[in-house]
Amino acid sequence: MHIVVSGWFWEQPNTGSGQYLHRLLPHLAGLEASEDAYGQNSPTRQSYGKGTVRFTLLLPRAPKSDEHIYSLSQNSTPLTTVVSPPPRLPRQLAKLYWEQVTVPRCAQRLDADLLLVPYWAAPLWQPKPTVVTVHDLIPLLLPSYRGGWAGRLYTTLVSNTARRCAAVLTVSEASRRDIIDHLGLPGQRVFAIHHGPNSEEGEQAGEAGVPDLHRHRQIARKYSLPERYFLYLGGFDVRKNVLGIVRAYRRYLDQGGDPAVQLVLAGKLPHADSAFFPDPQRLVRQLELTEYVCFIGWVEEEDKAALNAGATAFLFPSSYEGFGMMVLEAMAAGTPVITSSE
């Protein structure tokens, strides 16, 4: 069986779609049909026996490093790469052309049995059976995220392309319900496959679940952390409700909360204060919280586990999430989570 994977986000590992692809592909490529996975009478086993699954990662540009891809091809199911650059167009038009023209053409030329698109951008023309991952319906459901006419047109396009797919994958039962309700897909074609924590097994803590205190002290020094802290880690767009966190912390102090437990807000702050990207620094000053709130900026991926593990609680009262990876990572680190129900 030959599976072609759309790899637009392969060289963008810091984006959500890039992380998903980098985590998903090694696990997919490590799965081979076997007697453990398929029964003796399974039609899948009869058609695609052990060792017959292979993957092609389709890329819009040559990767900066072949090391990750090479390790995958050596240690798992055969994996090759094909580079097919988009035409010289403005970036968004080039991306659209690549998704809608280049990807299905390559899937056909490479004689794929299946095209896998790991983000919400399946092609309208599907010469091969196509599976798409729709992480959430944020640009469809949240008015402030719909963008201008071009963004709304793109959302309409990919909504229609998802309806043509053989199957739609998503990352939570909540997103599955949204897809069925708002895209009108039949439930038997929509599958919720939950994320695991975005870290290697055992990364959050030391042996037997004991926190790595030495590692935490390193992280505390690196980010100038207070001894005890509530933690928010994530983006600052409006649905993340960071201003709500700041107001809640003010109430916590006003109602007798321990001021020794400070508030740490981690992540890249907005370039400018706006309705879509409200800058919490202004509200912190207005509520006279400057001495209690720490802004530590961007956090490296390898530092997140220790940062989570050292927190008194992780705060994530987002108004909408397809999944909420940050919540899972905090829980995996053994940290209590305060989040929203919707």
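In this predicted model, the side chain of Thr 161 places a polar atom 2.9 Å from the backbone oxygen of Val 158, where a polar contact is a pair of N or O atoms within 3.5 Å; within protein, one must be able to donate a hydrogen and the other to accept it, and residues adjacent in sequence count only if both atoms are side-chain atoms. Thr 161 sits in helix H6, residues 149-164; helices (H or I, at least four residues) and strands (E, at least two) are DSSP runs, numbered from the N terminus. Its relative accessibility is 0%, so Thr 161 counts as buried (buried means under 20% relative accessible area, exposed over 50%, partly exposed in between, with a 1.4 Å probe and protein chains only). Setting aside residues up to four places away in sequence, Thr 161 touches Gln 100, Ala 122, Pro 123, Leu 124 and Gln 126, a contact being heavy atoms within 4.5 Å.

A word on the ground rules. Residues are numbered from 1 along each chain as its sequence is written, and side-chain values use heavy atoms, with hydrogens and water left out. As the model is predicted, local features need pLDDT of at least 70 and side-chain atom pairs count only at pLDDT 80 or more, while totals for chains, interfaces and linings use all residues.

Taken as a whole, the protein has twelve helices and twelve strands. Of its 342 residues, 44% are buried. Among contacts between residues at least 6 apart in sequence, 64% join residues at least 24 apart.

At the S7 end, strand S6 (residues 167-170) pairs with S7 in the parallel sense over three bridges, and Val 168 stands opposite Val 190 in S7.

S8 and S9 pair in the parallel sense over six bridges, with Arg 228 opposite Val 261 in S9. Strand S9 (residues 261-266) also pairs with strand S10 (residues 293-297), in the parallel sense over four bridges; there, Ala 266 stands opposite Gly 297 in S10.

S9, helix H10 (residues 280-286) and S10 make up a right-handed β-α-β unit, meaning that, with the strands pointing away from the viewer, the path from the first strand over the helix to the second runs clockwise. Pro 280 belongs to H10 and, at 0% relative accessibility, counts as buried. Leaving aside neighbours within four places in sequence, Pro 280 is in contact with Phe 236, Val 242, Leu 243, Val 246, Leu 265, Leu 269 and Phe 295. The C-alpha atoms of Pro 280 and Leu 269, eleven residues apart along the chain, are 8.5 Å apart.

Helix H12 (residues 325-332) has Met 326, Val 327, Glu 329 and Ala 330 buried. They span an arc of only 165 degrees around the axis, which puts them on the same side of H12; the arc is that of the directions from the helix axis to the C-beta atoms. These buried residues pack against strand S8 (228-233), helix H11 (304-309), strand S11 (313-316) and strand S12 (337-339). After H12 comes Gly 334, with a positive phi near 80 degrees.

Asn 241 has a phi of about 60 degrees, is in the loop between S8 and helix H9 (242-254), and is partly exposed at 32% relative accessible area. Glu 288 has a phi near 55 degrees, in the loop between H10 and S10, and is exposed at 62%.

Technical notes. Two strands pair if DSSP finds at least two bridges between them.
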